[in-house]
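Visitor: Please show me the sequence and the structure, and then let us go through them slowly.

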Amino acid sequence: MQSAPITKYRPFPPVDLPNRQWPSRTLAQAPIWCSVDLRDGNQALAQPMSVEEKVEYFEMLVKIGFKEIELGFPSASQIEFDFIRRLIDENRIPDDVSIQILCQCREELIVRSLEALRGARNVIFHLYNSTSPAQRKYVFGAQRADIVAIATQGIRLLRQHAAPLIAEGTRLRLEYSPESFTSTELDFALEICEAVSDVWGPTPDNKIILNLPATVEYATPNVHADQIEWICTHLTRRDSTIISLHTHNDRGTGVAATELAMLAGADRVEGTLFGNGERTGNLDIVTVALNLYTHGIDPKLDFGDINGIREVYERTTRMEVHPRHPYAGELVFTAFSGSHQDAIKKSWEKQVPGAPWDVLYIPLDPADIGRSYKAIIRINSQSGKGGVAYILEHEFGYQLPKLMHKEIGRIINDLADTRGSELSVEDIHGVFRSEYLERVTPVSIEHFKTLERDSTVRCEAAILLEGKRLVLAAEGNGPIDAFVRALLQAGLPRFDVNSYSEHSLGQGAEARAVSYIQIRTAKGGLFYGAGIDTNIELASIKAIVSALNRSIARG
Ligand code: KIV
Ligand code: ZN
């Protein structure tokens, strides 16, 4: 990289717009959305989608709620031509959905595109040519007037050749894009848009779509917003025009640029799901739509099954949604930090159904997009004790006593440290079972029964102590007390029961009891044990054995 002074790159020139309005506006409604997944997105794939895959993708876009969908470039690709024909011939396009195609301003391409569209009900014919000084100089070797002529001639040719299609009942609308708009002088962008409108003659009932692409993103989002506000306020037929955005993401600010440009007056937004597209991609519609939703604005797109949408997207595009991708990424509803987990848990517990969403660290209720509460907390060595207890309770139903959280939290953290990786919920369950529920050495129970005698209880038990069978009996003020006495009489290390709690696990006939018992050893060590059984008494006896075995194992 060059060191200062950096002479290789230049700042992007600001827009002279002293009275700009967009910074004091707020968004209040969703734009008209247009998906360009099947054109801009598809053309940027190493392996483009097959016709079958495109049909599946199209149907998913319709289900999400897109009313305008760009299908491709039929004059440039036979597959795209065949795909469009298939949708029309098989009557797969709902009446309220407009299909859009892209075409250069050349007669043979316009004619061929119109062939692909025969029989369609609602069509947006998208013509474009590039307008920036660099494109004019390096690619076209043309002056401004020549570039205007290419566009206006294209519109005239479209009007002429589309007449039969319109006569057959197709509702045809025009979209015009001055490609590389954001790198074009604003006065020239305005001039060409006006010239195109003059030829097309839009009305408030039949508006022209002027799409103003950030073909390559060079400026900060505020400059993009200024460019859009400048056009919106200088255009003569604003009431007959839909101003459309088409941001790419070269600086990583495609979403921000779109949001600010919506404030600046744009009516329509083109983009792709998850931001697929050329280079760094197109605008990510999922993010902008759900950003609106989390501000209480109906996005008019349904992402209620984001995982299903993501599955179709990843399978058909062979692209992957990044694990940190807003809303859709694998890890975005996962907290690794203990303090975050704690705050999430506390605020989630206070969340009143139907009240405004107020859960910390998670700006959207995962359930709204079909994601599960279950995936919220994963455990690594930095996780707090609360995270482990949360998983054991919410995934497996164990309501551990508060004091036990610390003990199990430490065991899990040590394991995560040794492994050097995060632990899955199954790992945590496995550790809980082997540490507490499945310990059978040095003591295991073979048989246990109690007999009530006035105010005392007599227990008779058979245990295996390091493989040797011992038959025990003792009396106490309850089954636990009697069993503890019996163990002590058999010569096991002295201990007291410090605390006891239990709850049921599961419901109905399947329900079992789970007991948690904390013992204090003669040396003052505190150890929890846990036991499960259909018989509540036996669950607590198992919990004692579990605690005793743990204390012996730890010396
Ligand atoms: O990015 C772009 O400029 C385009 C145009 C064809 C609209 O995709
Ligand atoms: Zn594009």
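Predicted model: local features only at pLDDT ≥ 70, side-chain atom pairs only at ≥ 80, totals over all residues.

**A guided look, question by question**

Visitor: Is the peptide bond from Ala4 to Pro5 cis or trans?

Guide: Most residues other than glycine have a negative phi, and most peptide bonds are trans. Pro5 belongs to the segment before β1 (32-35). A bond with omega about 0° joins Thr441 and Pro442 and is cis, and the bond from Ala4 to Pro5, with omega near 0°, is likewise cis.

Visitor: Is Phe274 buried or exposed?

Guide: Phe274, in the loop between β8 (268-271) and α10 (285-293), has a positive phi of about 60° although it is not a glycine. Its surroundings are described by relative accessible area, where buried means under 20%, exposed over 50% and partly exposed in between (1.4 Å probe, protein chains only). The value for Phe274 is 8%, so this residue counts as buried.

Visitor: What is the relative accessible area of Lys300?

Guide: Lys300 also has a positive phi of about 60° without being a glycine, and this residue lies in the loop between α10 and α11 (306-317). Lys300 counts as exposed because its relative accessible area is 57%.

Visitor: How many disulfides does the count come to?

Guide: A disulfide is a covalent bond between the sulfur atoms of two cysteines. Here a pair counts if the cysteine sulfur atoms are within 2.5 Å, and by this rule the count comes to zero.

Visitor: Which cysteine sulfur is the nearest to that of Cys34?

Guide: Cys34 counts as buried because its relative accessibility is 0%. Cys34 is in no disulfide, and the nearest cysteine sulfur, 16 Å away, is that of Cys103.

Visitor: How many salt bridges are there?

Guide: A salt bridge is counted where a side-chain nitrogen of Lys or Arg comes within 4 Å of a carboxyl oxygen of Asp or Glu. One of them pairs Asp40 with Arg39, the closest N and O atoms being 3.3 Å apart. Asp40 is buried at 3% relative accessibility, and Arg39 is buried at 7%. By this rule, the number of salt bridges comes to 44.

Visitor: How many residues apart are Glu56 and Arg315?

Guide: The side chains of Glu56 and Arg315 meet in a salt bridge of 2.6 Å, N to O. This pair links distant parts of the chain, with Glu56 in helix α2 (residues 51-64) and Arg315 in helix α11, and the two are 259 residues apart.

Visitor: Which helix gives the most to the positive patch?

Guide: Patches are made of residues with over 30% relative accessible area and no salt bridge, like charges being joined within 9 Å and nonpolar side chains (Val, Leu, Ile, Met, Phe, Trp, Tyr) within 5 Å. Lys385, Lys402, Lys406 and Arg410 form a positive surface patch, and Lys402 is exposed at 67% relative accessible area. With three residues (402-419 is its range), the helix that gives the most is α14.

Visitor: Where does the largest share of the nonpolar patch come from?

Guide: Tyr138, Val139, Phe140 and Ile150 make a nonpolar surface patch of about 420 Å², with areas taken from the Shrake-Rupley method with a 1.4 Å probe, only the protein chains shown counting as cover for residues. Val139 is exposed, with a relative accessible area of 55%. The largest share, three residues, comes from residues 133-140, that is, helix α5.

Conventions: Residues numbered from 1 in each chain as written. Chains lettered and ligands numbered in written order. Heavy atoms only, no water. Lys, Arg positive; Asp, Glu negative; His and termini not counted. Charge placed at Lys NZ, Arg CZ, Asp CG, Glu CD. Helix = DSSP H or I, 4+ residues; strand = E, 2+ residues; numbered from the N terminus.
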